[in-house]
Amino acid sequence: MIPPFLENVALRGLQCLDAETAHRATVVALKSGLMPPRRKVSDPRLAVKLWDLTFPNPLGMAAGFDKNGEVPDALLKLGFGYTEAGSVTPKPQPGNPRPRVFRLPADEGVINRYGFNNEGHAALRQRLEARRRLTGIVGINVGANKDATDRIADYVAGITAFADMASYFTVNISSPNTPGLRDLQARSALADLLTAVITARDECTQTFGRKVPVLLKIAPDVADEDLQDIVEEVLAKSVDGLIVSNTTIGRDGLSGKGPAQETGGLSGKPLFRKSTIMLARARKLAGPDLPIIGVGGIDSAETAWTKITAGADLLQLYSALVFKGAGLIDEILGGLSAKLDQHGIASLRDARDANVDAWASETA
């Protein structure tokens, strides 16, 4: 364990760097083993069984931190129950010009317009090949190149490239930083995309003998009627789950301090309310059986518990680590165990949906 005072010093040092440099420095520290394992064993009551996977706890690292699959195992050793590499596109691409990520300390939020910067399928596959014998749940978040003439083909290529090694797939059509990408959330386009992706996955199942779950990651900014269309298509195409949600293009509730009006997707604390309302509404539309991962503004055990009671089976975070550091992982997991004790229940599944109706009726 790192002494808290040393962790605080390191966190303050990172916050003196620009946001993207700090991100890169954290990845390098993880690769170098400078951040030792934090948690020996997860509380078995926090385990979640979905598909053919057993998640040791519900808390995952969201896509965007480990875009190129450099440190999945280091992240798992920090205490995450799973992690998600990507978004990855078929061809390498540099993303948008720097600066492209901005901290909002007064709001505990982050704005990014990275634009799917990544090293491409080949580089990610090479890294995942090197860890093939290791355990741990590592999802692959697939995207499309900015200059793709056939974006659906890019998503299919992601499925076929990693079907023999992904624990699960996330189809990311909700980033606001690739022009036109969110258009794939429109019903007709979404139907075509999901048909192609599920067909490709099923073909790979025949080849590799394992059905890799496919999840769809959506934006928090879709209108109610569009959310209904999305959920209906997810159910009709037998997609295995939803991730709710990606970043928002809205700026409601910000203090106005710092670079609050920069273009890009807003994440962190300001996203919590909007994403939780969307989560609850998606759960009500989908019914009890569709697995949903809740993302957006989780920064404490209390907000993690709120996501679960609003309909989430699993959780992901990223932005809160920018402000609170890796000690947040243990804080959340310990707090979830305490919640089970407090409510006298045996598992997180017993708590799921307790506040769905209340959150679904809120105004975003």
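**Figure 1. Buried residues of helix 11 in the predicted model.** Helix 11 buries Leu328, Ile329, Asp330, Ile332, Leu333, Gly335, Leu336, Ser337, Lys339 and Leu340. The cover over these buried residues includes strand 3 (59-61), helix 9 (301-309), strand 13 (314-317) and helix 10 (319-324). An α-helix has 3.6 residues a turn, so residues three or four places apart point the same way. Helix 11 itself spans residues 327-343, 17 residues in total. From first C-alpha to last, helix 11 reaches 25 Å, close to the 24 Å expected at 1.5 Å a residue.

**Figure 2. The salt bridge between Lys339 and Glu302.** The side chains of Lys339 and Glu302 meet with an N to O distance of 2.9 Å. Lys339 belongs to helix 11 and Glu302 to helix 9, so the pair ties together parts that are 37 residues apart in sequence. Lys339 counts as buried because its relative accessibility is 12%, under the 20% cut-off. Glu302, at 45% relative accessibility, counts as partly exposed. Helix 9 is also among the elements that cover the buried residues of helix 11.

Figure 3. Gly86 has Asn141 of strand 7 as its bridge partner.

**Figure 4. The salt bridge between Asp240 and Arg201.** The closest N and O atoms of Asp240 and Arg201 are 2.8 Å apart. The pair links distant parts of the chain, 39 residues apart. Asp240 is in the loop between helix 7 (224-236) and strand 10 (241-244), and Arg201 is in helix 6 (residues 187-208). Asp240 is buried, with a relative accessible area of 13%. Arg201 also counts as buried, at 2% relative accessibility.

**Figure 5. The salt bridge between Asp221 and Lys274.** The side chains of Asp221 and Lys274 meet at 3.2 Å, N to O. Asp221 lies in the loop between strand 9 (214-218) and helix 7, and Lys274 lies in helix 8 (residues 272-286), so the pair ties together parts that are 53 residues apart in sequence. Asp221 counts as partly exposed, with 29% relative accessibility. Lys274 counts as partly exposed at 21% relative accessibility.

**Figure 6. A network of salt bridges.** The residues linked in this network are Arg187, Asp229, Glu232, Glu233 and Lys237. The structure as a whole holds 32 salt bridges.

Terms used: Residues are numbered from 1 along each chain as its sequence is written. This is a predicted model: local features need pLDDT of at least 70, side-chain atom pairs count only at pLDDT 80 or more; totals for chains, interfaces and linings use all residues. Side-chain values use heavy atoms; hydrogens and water are left out. Helices (H or I, at least four residues) and strands (E, at least two) are DSSP runs, numbered from the N terminus. The expected span of a helix is 1.5 Å times one less than its number of residues. Buried means under 20% relative accessible area, exposed over 50%, partly exposed in between (1.4 Å probe, protein chains only). Contact means heavy atoms within 4.5 Å. Two strands pair if DSSP finds at least two bridges between them. A salt bridge is a side-chain nitrogen of Lys or Arg within 4 Å of a carboxyl oxygen of Asp or Glu.
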